[in-house]
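Hi,

Here is the structure I promised to pass on. Have a look at it first, and then read my notes below.

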Amino acid sequence: MKKIRVENLGVIKEGEVDISKPLTIFTGPNNSGKSYMAYLVYGCLKTASSQINNKKANELYIKELTSEVFAVNDLDVNIEMSKGILTEIYRSYFFPAERSSIHFFSTELLQKKANTLNEVAKIIRSNDAESSVKKIRENGALIPRYPLPINDYLSYSSDFKYSAKQPKTEFEDLAKELEMILEGRISVDAYGSLEFKPKGTRKKVPLYLSSSMVKSLGGLVIYLRHLAREHDHIIIDEPELNLHPSTQVKLARLLAKIANHGIKLLISTHSDYIISELSNLILMSDDFKGKKELQKKYRYKKDDAIKAEDVGVYAFQNEIIEQVPITEQGIEVDKIRKVIADMNLRSNDIYYIHLDSLEDAPI
């Protein structure tokens with residue numbers, strides 16, 4: 001098992017997650033700590049292998065880890081990692097909720113980073129070592145400008161031109177399936193920016209003229225087509241961004257396939273559509289009477305289904321992280337389903353009372 005336990009991580013008082021399963025799901029309301037925990041998981045995967053359980057360096061390591069991951073120096077957090085995490089080297093990719101904006105502003109943001117490094121270089125050249133460190137600290141240059149996942153996706157998106165030159169991976173079929181969801185073809189132009197050719201047309205359009213759905217998922221196409229390898233870890237914050245409910249359902253099936261094909265996947269989501277469809281896919285992994293009819297009716301393919309033991313679900317609520325059980329009824333996420341049930345009840349009340357008022361009105 002690969003567990004990460006935390007205390008006092010932002011709004012999270014305590015909690016533990018196991019990231020050893022092919023698919024891990026974080027769910028919960030806004031400001032419940034999901035993104036914070038996803039950031040931390042990514043940071044642990046990126047840096048923990050260098051520690052190899054060095055207990056003497058552990059306190060310093062945690063301080064440096066949180067500073068780099070969250071771009072702040074004053075987090076008073078307790079973190080424990082299992083040996084399963086500390087003794088491996090990982091290839092990890094993070095697709096942050098800010099990914100659409102990063103595609104547009106990566107050049108400007110990288111220029112700002114270069115300017116900061118130039119300022120640091122000037123300070124070092126004009127002072128002795130002790131004075132240089134003091135001045136750099138005063139200027140805040142030792143604190144990362146962006147959290148690690150944002151910083152890494154910035155670098156990733158600025159490198160599309162190089163990535164697109166890499167040979168196609170064994171996950172090319174998944175890239176094509178994602179493009180079917182997007183209804184077009186993703187490519188990289190001569191300047192290293194993403195471009196999109198809508199289905200049924202010959203003309204490619206720049207990303208800024210494409211739909212918000214394409215902006216949100218274009219970077220994932222490049223990863224699957226040119227970079228993905230078995231045993232990678234990828235984290236997607238809010239995969240449902242800008243997607244119509246029917247598209248969210250299609251994406252849920254693709255996410256299950258990614259996990260089934262040997263890439264460990266963690267998603268942080270508010271989407272009842274994605275969670276409900278993943279729950280359906282768990283149920284469809286069992287053998288039961290009538291399964292073939294359901295597969296035909298709803299066009300489920302064999303590798304859409306995912307086994308319950310391959311999925312870990314965690315609810316972030318009331319300042320703690322709780323593991324959500326997966327039963328014969330699927331994923332039990334009461335909070336999200338209560339919101340949907342309350343909305344349906346409200347809609348019915350408004351509809352029928354409004355209808356009664358119209359019937360009672362004088363002609």
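Which residues of helix 8 are buried? They are Glu172, Leu174, Ala175, Glu177, Leu178, Glu179, Ile181 and Leu182, where buried means under 20% relative accessible area, exposed means over 50%, and partly exposed is in between (1.4 Å probe, protein chains only). Helices (H or I, at least four residues) and strands (E, at least two) are DSSP runs, numbered from the N terminus.

Before going on, note that this is a predicted model, so local features need pLDDT of at least 70 and side-chain atom pairs count only at pLDDT 80 or more, while totals for chains, interfaces and linings use all residues. Residues are numbered from 1 along each chain as its sequence is written, and side-chain values use heavy atoms, with hydrogens and water left out.

Just after helix 8, Glu183 takes a positive phi of about 60°.

Two strands pair if DSSP finds at least two bridges between them. Strand 7 (residues 194-198) is joined to strand 8 by two bridges, and Glu195 has Pro206 in strand 8 as its bridge partner.

**Aromatic rings**

How many aromatic pairs does a search of the whole structure find? It finds 14. Rings of Phe, Tyr and Trp (its six-membered ring) pair if their centres lie within 6.5 Å; planes under 30 degrees apart count as stacked, over 60 as edge-to-face and the rest as tilted.

One of the pairs is Phe26 with Tyr314, which is edge-to-face at 6.3 Å centre to centre and 85° between the planes. This pair links distant parts of the chain, since Phe26 is in strand 3 (residues 23-27) and Tyr314 is in strand 11 (residues 311-317), 288 residues apart. Both Phe26 and Tyr314 are buried.

Why is the pair of Tyr298 and Tyr300 tilted? Their ring centres are 6.5 Å apart and their planes are at 55°, so the pair counts as tilted. Tyr298 is partly exposed because its relative accessibility is 42%, whereas Tyr300 is buried because its value is 13%. Elsewhere, ring pairs link Tyr93, Phe95, Tyr153, Tyr156, Phe160 and Tyr223 into a cluster.

**A few single residues**

Thr24 also lies in strand 3 and is buried, with a relative accessible area of 2%. Among the residues that Thr24 touches, not counting those up to four places away in sequence, are Leu265, Leu266, Ile267 and Tyr314.

Most residues other than glycine have a negative phi. Asn8, in strand 1 (residues 3-9), has a positive phi of about 60°, and Asn8 is partly exposed at 38% relative accessible area. Ala71 also has a positive phi, near 60°. Ala71 sits in the loop between helix 2 (58-70) and strand 4 (78-81) and is buried, at 15% relative accessibility.

Cheers

Methods:
Contact means heavy atoms within 4.5 Å.
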